[in-house]
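Take a look at the model below.

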Amino acid sequence: AVVSTQSTGKRVLDSKKDVDVNLKEACTDFITTAATLLSSPIYAFLAQLDSTTTMEQFRNVVSETNQRISNKLPGVKKLMGLYLANRETEAILFRPIRAQILAQFGVLRGHIDKLDDEDRFIINCPSTEQLTLTLAY
């Protein structure tokens, strides 16, 4: 009976470990998918960025990404609420999504900052503070 109890306990621990690994993978996949969904224009833009990139192209990617965040973020939050139903857990899961989006905008802003004042004004790239407020959970 002792051997059986130890064996059962080991299976329970192994099962719990499997669930934890699967949950972590699912969360990582969700974070990547959500961040990409919300900021994919920047990912694509940065992949093809070169010295001939115009101010208009920068403005378009900023505008498209801002619009995408405005349109898609409520749906992401709604799904998180539906499946997680715990505001604290939702906020914890959303932190790395926000961090990835802020990082992408940070890289983009680094390129925009090399332009003159007038071009930066026209591009109207949101500051980190503005984005943080937009992406608040």
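At what angle do helix α2 and helix α3 pack, and how far apart are their axes? This is a predicted model. In it, helix α2 (residues 55-84) and helix α3 (residues 87-112) pack at an angle of about 175°. Their axes are 11 Å apart. Angles over 145 degrees count as roughly antiparallel, so α2 is roughly antiparallel to α3.

Both helices supply residues to the contact. From α2 come F58, V61, V62, T65, N66, I69, L73, M80, G81 and L84. From α3 come T89, E90, L93, F94, I101, F105, L108, H111 and I112. By class, the contact of α2 with α3 has 13 nonpolar, five polar and one charged residues.

Now turn to the core. The largest nonpolar core has 24 residues. Within this core, I97 and L108 touch the most other members. The elements that give two or more residues to the core are α1, α2 and α3.

Leaving aside residues up to four places away in sequence, L108 touches I42, F45, L46, F58, V61 and V62. Of these, F58, V61 and V62 also belong to the α2 side of the contact with α3.

Finally, go to S39. This residue lies in helix α1, which spans residues 2-47. Is S39 buried or exposed? Its relative accessibility is 0%, so S39 counts as buried. Beyond residues up to four places away in sequence, S39 touches T65, I101 and Q104.

Methods. Residues are numbered from 1 along each chain as its sequence is written. This is a predicted model: local features need pLDDT of at least 70, side-chain atom pairs count only at pLDDT 80 or more; totals for chains, interfaces and linings use all residues. Side-chain values use heavy atoms; hydrogens and water are left out. Helices (H or I, at least four residues) and strands (E, at least two) are DSSP runs, numbered from the N terminus. Buried means under 20% relative accessible area, exposed over 50%, partly exposed in between (1.4 Å probe, protein chains only). Contact means heavy atoms within 4.5 Å. Axes are lines fitted to C-alpha atoms, for helices over the stretch in contact, and angles run from 0 to 180 degrees between N-to-C directions. Angles under 35 degrees count as roughly parallel, over 145 as roughly antiparallel, 65 to 115 as roughly perpendicular and the rest as oblique. Ala, Val, Leu, Ile, Met, Phe, Trp, Tyr, Cys and Pro count as nonpolar, Asp, Glu, Lys and Arg as charged, and the others, Gly among them, as polar. A nonpolar core is a set of buried Ala, Val, Leu, Ile, Met, Phe, Trp, Tyr and Cys residues joined through side-chain atoms within 4.5 Å.
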